[in-house]
Amino acid sequence: MSARIEPPMEKFPPETLQELFDAVEIDDVVDPVVILPDRIALDCPQDTMRRCYALCLQFWKEGVHRSALLRLVGTLLRTGDLSPAQRAEYKHIRAKYKHLRFALALYGIPHHAPKLFNTTIAIMGHLQDAFRNGRRKAVFGYALLLRGLLAKPLWKAVRWKVGALRLDSAEGFLAYRQAEIRRLKQALEQDMLTGHDFHAMRKIVSRQVSFYDTMRSIEHSEQAYRMSRFLSAINGLMGNRHDEMVEQAMARQRHYGAQAPLEDDIRQRLEALVARYPL
């Protein structure tokens, strides 16, 4: 029997890419009034999963140019910092990397991004923290590492790897999302959380918001939009709190592994999500 041949990935128009970019730009913005749908529908056929991943892959491939990133790295190696416009460009490139990382974790059978892809994003994050905080030595070290990760052979290997992703089944995707929400539910049963616990919870929220950002760009449904905005509010609140925790740890005011209660606003929103989510 001949092997099954996968159809080519769908190509989306610039308008759809712009819609996704606009959604990602505000995926940590807290709307003053946003409510969950009365019923959260979890059905997502594999064809829809394929369309979602195709959009995320195109968003990264067309939005991340190796030459542009190398140019920014070169500036950091020379000056230790970026101009406001260059910082915005760097932020947008990193956002597209992160969105694809979420897609790799969501839709692929392994449910995690390839190691080299993950490493690149991690170094980009450390580099951004370093130039934002004026840590010249760290900027130089991380910029060198990122330049190495952008070498042509590694760049080509990463592009091949993400383009050859094997999608999970619709049933596997549903089970993965439900397991993620159960992890949130278990975490909410604790009165105190470490920075690591908190960060793990935020990563779940970030993956969920990325899914609905993509869905709303493809399907334009009211449910996808409301889920996207509700999750974005949680993502933004948790992001702000995590930034504070990192700053406190760097200033040696509070150890990152120390336990602390979850802020009421964040807890209430997460509890509302978990209570409404079909498990």
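What follows is a set of questions about the labels used for this structure.

Trainee: What kind of model is this, and how are its residues numbered?
Mentor: This is a predicted model, in which local features need pLDDT of at least 70 and side-chain atom pairs count only at pLDDT 80 or more, while totals for chains, interfaces and linings use all residues. Residues are numbered from 1 along each chain as its sequence is written, and side-chain values use heavy atoms, with hydrogens and water left out.

Trainee: What is the mean pLDDT of the protein chain?
Mentor: pLDDT is the predictor's confidence in each residue, from 0 to 100. The mean for the protein chain is 92, and 97% of its residues reach 70 or more. Helices (H or I, at least four residues) and strands (E, at least two) are DSSP runs, numbered from the N terminus.

Trainee: Where does pLDDT stay under 50?
Mentor: Over residues 1–5, for which the model has zero contacts beyond four places in sequence. Contact means heavy atoms within 4.5 Å.

Trainee: Why is glutamine 128 called buried?
Mentor: Buried means under 20% relative accessible area, exposed over 50%, and partly exposed in between (1.4 Å probe, protein chains only). Glutamine 128 has 6%, so it is buried. This residue is found in helix α5 (residues 115–132). Leaving aside neighbours within four places in sequence, glutamine 128 is in contact with Tyr90, Lys91 and Arg94.

Trainee: What is the phi of histidine 111?
Mentor: Phi of histidine 111 is near 55 degrees, a positive value in a residue other than glycine. Phi of histidine 220 is also near 55 degrees. Most residues other than glycine have a negative phi.

Trainee: What makes a space a pocket and not a cavity?
Mentor: On a 1 Å grid over the protein atoms alone, a cavity is a set of points where a 1.4 Å probe fits but cannot get out. A pocket is an open set with protein on both sides within 12 Å along at least five of seven lines, and lining residues have an atom within 4 Å of a point.

Trainee: How much space lies in the largest pocket?
Mentor: About 1600 Å³. Of the 42 residues that line the largest pocket, the closest to its centre are Arg94, Lys98, Gln128, His199 and Arg202. The largest share of that lining, nine residues, comes from α10.

Trainee: How many cavities of 30 Å³ or more does the structure hold?
Mentor: Three. The largest cavity has a volume of about 70 Å³. Its lining includes Leu193, Arg241 and Pro261, and α10 (222–250) and β2 (260–261) each supply at least two lining residues.

Methods
Grid points are joined across faces, edges and corners, and a volume is the space filled by probe spheres set on the points.
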